[in-house]
Structures are given as C-alpha cells and as structure tokens.
Amino acid sequence: MMRWPWEQAKENLSEELDAHLQMAIAERVADGEDPAQARAAALRQLGNVPLIEDATRERWGWLWLENFLHDTRYALRQLRRAPAFTATALLTLAFGIGANLGVFQLLYAVVLAELPIPHPEDVVRIHAARTPFDQSWTVSYPAYQRLRAATPDVPMMATAYAEDATLELPNRAPIRGSCMLVSDNYFSGLGVVPAAGRLFVQTDERMGQDEWPVVLRHDFARTTFGTAQQALGQHIVINGRAFQVVGVTQQRFLGDVTGFPPDIWIPLALESTGAFAVPWDSLGPGYDVHLGKPWYNQPTIFWLSLTARIPPKRRAAVLAHWDQVFRSDREVMAEATADPAVKAALLRAKIGTAALSENGMRERFTVPLTLLMALSASIFLVGCLNLANLQLARLHARAHELSVSMALGANSGRLIRQIVLEDALLVTGGSVGAFVLGRTASSILVRWASSHNVLFAFDLHPNLPLAALGVGLMLLSLLSFSILPATLFIRTGAVQTAGSRAKVAGISQTARQRLRSNVLLSTQVSLSLLLSTMSGCFAATLVHWETIDVGMDREHVLIVRPELHQSRYTDHPEMLPRLYSRIQERLQALPGVRSAAVEMCGGIHCGWITALYVHGRNYLRDVQVHGQEDHVGLGFFSTLGIPILRGRDFSSSDTDRTQPVAILSRSYARQLFGDADPIGQWVGYEPAPHDQKFLVVGEAADARVNGAEREAPPVVYMDINQIPAPVNSIRVRAVGDPRQLAESVRQALREVDATLPVDEIVPLSTELDGDLGTEKLLARLAGIYASLTLLLVVIGFYGVMSSRTSRRRSEFGIRLALGATRRHIQLLILGQTARILLAGILPGALLSVFAVRTASHFLYGSTGASLLAVVVAGLILALAGCVAAFIPARRAAQADPSETLRLE
Amino acid sequence: MSDTAKYQNRIELLQGTLDMLVLQALLREPMHGYAIAQIIRGRSGDVLTVETGSLYPALHRLERQRWVKSEWKLTESKQRAKYYQLTARGKKQLAEDHQRWLRLVRAISAVMEPEMQP
C-alpha cells in the first residue's frame, strides 16, 4: 500500500514524544514516586500532545501539502454527495469553456495565425495587373520569368491551383486530391522544410520528364500511405501521368492560402502536358492565344499568382524595378482594350503588394467568427451566473454545517479555501472536457463552414493563445462561481445567522441575498433571450436563402457531372452533339424524368466572364459590357424552369453550319439594349467590324445561377451544338424528388456510353445552397447555444426555487396552518418567478434588438420579423422558467402544517 | 504597538534564545529531547524550564535547518529514543548566536547599570 512520506514521520514524532514521557515517568519512579502518580504528573508536564505534534509538524514545511491532500479528499467526498450539482457544473464548464475554445481556435486559424515559416511578414503577394476578364492578379509565364530574372536575390514564387486531380495508387481505388502547380523555388523561397525527403529544386522544372516529382502535404501523405517516410519513393499516377513522391512537407504547412491546403504540389512544367486543368484568363479571342498549346511561351495567357519574399525596407526599390520590367506586358494588355480610359489606367498602374492574409478568408470570416465568439462568451457568462446561483443555494443548504465548523474554531479563510478547492476540482474536470470538446467542436465548425463546393481545412493544432484563453476562462469561472460567492457568503456572516434557529419567515435569507440571486437569474434570462433571438434570426436568414425564388426549379433538378475531358471526346468535338442528343433522349425516356439537357457549366461559380460588343450602337462602340457566358444544349431552359420571355429557345435547326445565335438573360439584355427589344440584334466578342458574330434570338428570365444568396448575373447563353465542346453537367428535371433518380440516371448513362465516367450527382438545391457556409454555421451554432442557455435557465430556476422553498418550508407550514390555501402558496412562488423573468426579459429584449441591429449585415429579415423573434424567444423563456419553478412550487404547497409545528 | 505585535516579539526573542540553549546543550555529545530539557533546567538551577511544546518544534526546525541531525538509538535503560547531534553548521551557528547574545547582554547591562561603566 502506498504511504505518504509524512505518515512515517508522524509515527516517529509520536514515538519520540512517547519516549520523552516514558523517561520522565522512569525518572519520577526512580525518585520514589508512585508509578500511577508519576505517570499523571509526567503527562501534566508534557502538556497537550496533539497540539505539540501539530506545532512540531508545522516546522516540517510540508504541512500545506498534507492539508491540501486532505482537503482534496474531503472535496471529492463533498462533490460525490451532490451529484446533480457536480454534473451540472462539469457539463456547464465543459460546454461554456469548450465552445469558446472551439470558436477561438477557428478564429485564430483563420484570422490571426501566420504561416509556419521563418519571417512570414516578409512574404507578400505581388499584384502586377488585373486580368481583363476575371479581374484576377495573375500573370503570364514569360512575364513571371522576366520578373524573377530581374531580381535574382529576391525569391519570387509562382503558383496556380489546378482542378482536383485523380490519383491512382498501386492496388487501390483511385482517390481525388487538390492540386497546386508551383515554381521550383516555391518551398525554398517560403522557407518550408520537408518532414521527409526533399522539396522541389531547379531540375524539377525540366520539360518532358518520364516520371515527374510530386510533393505531398503531411497529413495527406499520412492518411494515404501511413507515414511521411512510407510515402517517399512511391510511384503514383496522377491524371494519367507518372509521378514519384520525392518529399513530404512539414506537418504545420498547409500551403500559403488560408483554408485551401493543396494535397499535392507539382512543378509548373506539368501545365504543358495538358493533363491538369488550370484556371486562366487571356486577352480574348484574336490575340494569339492558343489554349491547346503549352502556355510557357504565351505572353497573353494569364494564369500564375506571384508571391515574393522581400524585406519591407527593400520593397519600394524592388517594386520600382519590376515596374520597368513589366512595362511591356502592360502595353500588350493595353492594346487589347478599345476603351481609352481603361487603357490609360492600365498603363498608369503600378505593381503593388498585398499581405498573404488578404485572400478573402479574413473578410469573409472575421465578422461571423467574432460574432460567434461573442455568442460563446455570452454562453460562458450564462453558465457562470448559473453556477454562481446554484453555488449560493448550495452554500445556504450547507450553512448549518459551516456554522458548526466555525463555532469549533475553523477560520473563515480555511473554509473559503475548502469550498474553492472543491470548485477548482470541478473547473479542472470541466476544462479537461472543454479541451476535448473544443478540439472536436472546431473541426465540426470547419465542416459546417465548408460547403458542398468549398471544403476548408485549417491548422487546428493547439497553440499558446488557445491555452492562455483556456486557463483564463478557468480562472474567471472559478472566480465568478466560487471565490466570490463563497467569500461573500462566509464573510457577510450568513453562516452565523443560519446557525441560529431563526428559520421562520425566511429570516435566514436576508433580502439582500435574495436580491443577489434574483439579479443573477434575471441576467441569465436576459442573455438567454439574446441568444435565442439571435438564433431565431440566423435560422430565419438561412431559411430565407434556402427558399428564395432563384428563378429556377430548385427542388426538382438534378446535376449530373460526367467526365468528358478525355481525348476520345475532345479530339472529335463534332461528334458531341450526337452524343448529347442520345443522352437527352435516353434520360427523357426514364420514368419520373420531365426533361434533360446538357450545360457547359458544372455548377455555381462556373459561368466564365465574357464581354460583348453590340453592333450598330455607337454609344457602346468601344465599350465592352461584361457578363457571364454559358453554352447550353437543347431543352436547357425548360429543364431548369427558366422562362423564355421574348423570342425563341434554341432549336435543332441551329447547327454549326447555320447562323450562330445567342439568348440573353433579362438583365444582360437590359444592359446592352435598355428597354428595346433585343431580338434580331447582333453581338460579338470583338469591336466593330467583328461585332456581328451572334444573332440574338431570345431573352430568358434572370436566374440566380451563382448561388441562392447572390443576385442573378447577366448571362449570355450560346448553343452548344453550334460550338461543340465537352460539357460539365447534365441537368435532369424530375417530377418528384430528384435524389431518387440518381441511380436510374447513372444506369441510363452507362447504356448510352459505357465508358463515360460520372463524377458526381447532386441536387440543384444542394448546389445553390453551397455557399451558405457562414449562414449555416451561425444558424446551427446559435441554435445549439440557445438551447443550452434555455436548459441552464431551467436548471437555474429549478435549483434556486427548490433551495428557497425548502428553506421556507416551515413558513409555508405556518401559513397553511393559518388558513392559506395550497393554491395561494403556489401563486406566491410563481409570482416571484414571474417577477424575476420579467426583470430579465425586458432588458434582454432591448439587448436583443440592439444586437440584431448590429448584426443586420448577416441577417435577412425585416425589423418586424426580428421583433417577432424577440417575442417568441421571450415567451419560450417565460414558459420554461415557469415550468421549472412549478415543481418546487407544488412541493412547497404540499408542506404539512402539523409536521412544521412539530419541528418547531 | 498592538498586542499581537508584542506577542510576536516575545516569541521571537524566546525562540532565538531557545535555539542557542539547545545547541549549547548538544555541544558535548548527542542527546535526546528529554535529556536536553533536563540539562537546560539543571544548568540554569531550575530557572529555565523548557516546555515540551516549545522544545520539540524547535528541535525539528533546527533539524530542518541542518544545524542538528538525528538518529534513533537505545538509551542506557533500553528505551528507543531519538538522539540529536550538532552538525558543523550548527556549531558555527552556535558561535554566532553566542557572540550576539554576549553583545546583547553587555549592551543591556550598559543601559541598566550606567554607574558600572569605567
């Protein structure tokens, strides 16, 4: 059995004192005293042995530790004796602190964290010039080469995201991975070190390698191959090309774009193989752009994002130098625009820099996450208030025991220490739960914030600020629900009065103490109302976007994504219209299918930016009007449920041998032609005299093709059968729930073309709601918080009212004996509850209205709707409070007068 | 000066002196607590009676300060007892305490009996 070191020492001390006694007796006996008398005299002389032992032990210096362990044992026993309080406290603390940690970790990862590289502040994005159509900051490969060569001592890295790649591993099913093309100096320039193997070097850029090098992200390597070491040297096939894993990055490095970590990095030279689809922009048709040929020698295809490591003090000089080098590129870009104002602006512009953090993630998430942080702080606060109140009730229940201790001479400091220790144990236990919960929570939050279209991933490793926050919250909770209440309770002498017999008529709880716990409860009600209202408003916002009229039949359409970017389709585009019509016929023959059509766009964020010139409109002569372009098959409009407002739909008589035609969306038509009829007008990609390419034959209604929460963009639709190309989606409109068609659609497509892979089948509604990540995050989390606080309010009312009624038991007994009815007693308690509720709901409502107004940016809904939310939340709270108080009220009303009198 | 402060002063003075007396008692040979008390009482002609409640805390504190060390031994009457022995540090401390004590006695004498001054 384990023995504490002081137990031996204690025994020794006893023995030492005993020896002293024995020697004293022996000496007295030797002097001739009677043994019994000698013993009594020696004992008298020795004094109070336990006191001597205590005084001696104090000299050892570790009495405090002994006391501490003793107190801990006592505290654990106390906690076991109050399982309901212990469980409530543990759960409240775990949730209260855990929620804050979870949200903070996300906030930290998205908003505050820097790249895990040396001197991250030196690394900046280079903004050379906006591309003509997408307005992105990408440059051509030749421009990159020239800029990089101009300043050999400044590491300049080029990157390009490719579409997700298919990885084929030996003896395994193919997997998808996000993929980034990077220049050979990417890792060395950033200062990333490998966890295994090596990162890219200059020779990796060599064209035409048999086996290309690939670098894997640490966690991707681990999930795919087991460990980073095991991944090294593996031969894998990516998009049909042979690769060998040469290295794995350090674990914390998740790429340089927050939220979008690539799974694999490959050399830029891979672009020329054509196996990787990379987003691009160009000067447009007619400017010597050959997308099918390698891009490395084409100065008019813009596809590379630039990043450089320049110390701040050198920045101005380096940029000025680059401006000279980039001059020729600006001139090329300026030539491509007819608008003199745009031209002048292009030539005037200078190369600038931007912090890596300016990638939209911060803009997008800072406010929602701060809002969530505020909500989390309020739930923590509600939890602490609740515990403080329960603690006061609990101390009242223990008042008798405490007063006895004090009467026996325990000092109040020691008693407070004892109570605080109990709660410190609770806080420690709760915090362990909180850290676990926080970790889980932040990964769940990331999943909620992600959407069908955008999957985020962040570095969620524990860090110092997170630990500091955790410890801070622990101390804060301990202070608010333990140290303050215990000190107040014991120092204000509540214990002494409780010790007396003055129990009748609630004297044992002074008016001030009652007020204190009432204020605590009311504050809880206010905050709970705030959270409930916010949750209601966020939910309403989400529902609004999920049900808004998008101008399409969002509930009945299925999006099927076939993989047509394969050489057997792309090499013979003229065959595609026949394939499309066979697919359409086969699908429309399926039971439950109303219609089907092909579309170039695969989903939202797809329509590429285009610019049209209008023939014969002099005022628009040199002006490009930007819009979105999409190429669609026959029956597209009826399949999506987009009405044709004027003119006609595409028909089977439109072919690659007839006049190219176009259909404009309502808003594009209005931009180009005002209120005039667009039918019969001519538009083109290039200024006059080439502005007569397409004949406008129809005008379609606007549709929110970029997602439910985005306004309908101006769109020009072309007929895919006139410009045959691989499509990215097949749309199927069902009679009922489109999900149920997925399998039969897959089967039907196999019958049409057994070799055509189908990547994915998703309902249109999922796709359209895909960008509602922030809204979903806010709605769900606020919902959870609201229910938690509601629960806490219920527990709070129940606990406080129970403790109060049990203290007033004898009072109720006397009241009943004097003729009060049970109903009267119940009303007494419910009346008290109602006053507390009212005192909480009124300020809470004001707070909510203020909060809703502050967060109005994220809320969709009128003032009336948010007021309704406040009222409903208030009613729910009032109801919950009353129900919680009803049980103690009933119990109180059952007090037996005769029993009370007997007790007196 | 408050009562508490006075009380603390008294304890301090006694404590320091008691330490010196205990160390002095142990100067010749190791002995147990009871013998130390007897020695002090005997040498002082029964004037100084060391309370057990002061002696043992003092012994344990001296041991913790490593001025004495202890071991369990049998007495002549075969009684197991804890014997305390002066350490080198203890001896040094005793010398210092003794010096300070002498200075204090001289100073107090000089104040109390000025006519005795040369």
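**View 1. Contacts and make-up of chain B.** In this predicted model, residues 24 or more positions apart account for 47% of the chain B contacts with a separation of 6 or more. Chain B has 118 residues, and 26% of them count as buried.

**View 2. Helices and strands of chain B.** Chain B holds 4 helices and 3 strands. Follow the sequence and the order is α-β-α-α-β-β-α.

**View 3. Where chain A meets chain B.** Here 17 residues of chain A are in contact with 16 residues of chain B. On the chain A side, helices α1 (5–30) and α3 (49–58) each supply at least two residues. The largest share comes from α1(A), with 8 residues. What kinds of residue make up the side of chain A that touches chain B? There are 10 nonpolar, 5 polar and 2 charged residues.

**View 4. The domains of chain A.** Chain A is divided into domain 1 (5–61), domain 2 (82–115 + 364–500), domain 3 (120–355), domain 4 (514–549 + 768–904) and domain 5 (564–756). Domain 2 is written as two stretches, 82–115 and 364–500. Domain 4 also has two stretches, 514–549 and 768–904.

**View 5. Domain 2 against domain 3 in chain A.** The C-alpha centres of these two domains of chain A lie 46 Å apart.

Definitions and conventions
Residues numbered from 1 in each chain as written. Chains lettered and ligands numbered in written order. Predicted model: local features only at pLDDT ≥ 70, side-chain atom pairs only at ≥ 80, totals over all residues. Contact = placed C-beta atoms within 7 Å. Nonpolar A, V, L, I, M, F, W, Y, C, P; charged D, E, K, R; others polar. Domains from an automatic or database assignment. Buried ≥ 20, exposed ≤ 12 C-beta atoms within 10 Å, placed from the backbone.
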